[in-house]
Amino acid sequence: MTPDDVNETIGENISEEVGEMTDAEVLNELIRLDPFRMWRLSKLNSEHLEQQRIHLTALLVDEYNSSY
C-alpha cells in the first residue's frame, strides 16, 4: 500500500464518519475547527449542508495529517 493509498483510505473513512454525523454535530465541529468563518444557521438547506460536510471532511483530513 502506497502513502497515497493510505491517505485516500483515511479520507474515505473520515468522509463516512462525517456522513453519519447529525447536522448539529457537523456545525459544532466546523465551529471548533474553523471558528473565524461565519457559519450561519439561516442558510441551512440541503445544498449548503452538503458543502459544509465536504468542508468539514477536508478540515478533519488536514487535522489528522498534521498530527502525524
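Reader: What secondary structure does the protein chain have?
Author: The model is predicted. The protein chain has 3 helices and 0 strands. Along the sequence the pattern reads α-α-α.

Reader: How much of the chain is buried?
Author: Of its 68 residues, 26% count as buried. The accessible surface is about 5100 Å². Carbon and sulfur atoms hold 53% of that surface.

Reader: And the contacts, what share links residues 24 or more positions apart?
Author: That share is 69%, taken over contacts with a separation of 6 or more.

Reader: Now the core. Which residues make up the largest nonpolar core?
Author: There are 10 of them. The list is Ile10, Ile14, Val18, Met21, Val26, Leu30, Leu56, Leu59, Leu60 and Val61. Helices α1 (3-20), α2 (23-33) and α3 (46-66) each supply at least two.

Reader: Which helix gives the most to this core?
Author: Helix α3 does, with 4 residues.

Reader: Pick one, leucine 59. Buried or exposed?
Author: Leucine 59 counts as buried, because its relative accessibility is 18% and the cut-off for buried is under 20%. Leucine 59 sits in helix α3.

Reader: What does leucine 59 touch, leaving aside neighbours within four places in sequence?
Author: Leu30, Leu33 and Asp34. Of these, Leu30 is also in the largest nonpolar core.

Reader: How far is leucine 59 from aspartate 34, C-alpha to C-alpha?
Author: The separation is 8.2 Å. The two residues are 25 apart along the chain.

Reader: Switching to charges. How many salt bridges does the count come to?
Author: The count is 3. In general, side chains of opposite charge can pair when their charged atoms come close.

Reader: Start with arginine 53. Which residue meets its side chain in a salt bridge?
Author: Aspartate 23, at 2.8 Å from N to O. Aspartate 23 is in helix α2 and arginine 53 in helix α3, so the pair ties together parts 30 residues apart in sequence.

Reader: What else does the arginine 53 side chain reach?
Author: The backbone oxygen of valine 18, at 2.6 Å.

Reader: OK, next pair. What meets glutamate 29 in a salt bridge?
Author: Arginine 32, also at 2.8 Å, N to O. Both residues lie in helix α2, 3 residues apart, or about one turn of the helix. Glutamate 29 is partly exposed at 22% relative accessibility. Arginine 32 is partly exposed too, at 46%.

Reader: And the pair of arginine 32 and glutamate 63, what's the distance there?
Author: That salt bridge is 3.3 Å, N to O. Arginine 32 is in helix α2 and glutamate 63 in helix α3, so this pair ties together parts 31 residues apart in sequence. Glutamate 63 is partly exposed, with a relative accessible area of 33%.

Reader: So which residues end up in one network?
Author: Glu29, Arg32 and Glu63. Their salt bridges share partners, and that joins them.

Note on methods: Residues numbered from 1 in each chain as written. Predicted model: local features only at pLDDT ≥ 70, side-chain atom pairs only at ≥ 80, totals over all residues. Heavy atoms only, no water. Core = buried A, V, L, I, M, F, W, Y, C linked by side-chain atoms within 4.5 Å. Buried < 20%, exposed > 50% of the residue type's maximum accessible area, 1.4 Å probe, protein only. Polar contact = N/O pair within 3.5 Å; in protein donor to acceptor, adjacent residues only side chain to side chain. Contact = heavy atoms within 4.5 Å. Areas by Shrake-Rupley, 256 points an atom, 1.4 Å probe, with all protein chains shown as cover. Salt bridge = Lys/Arg side-chain N within 4 Å of Asp/Glu carboxyl O.
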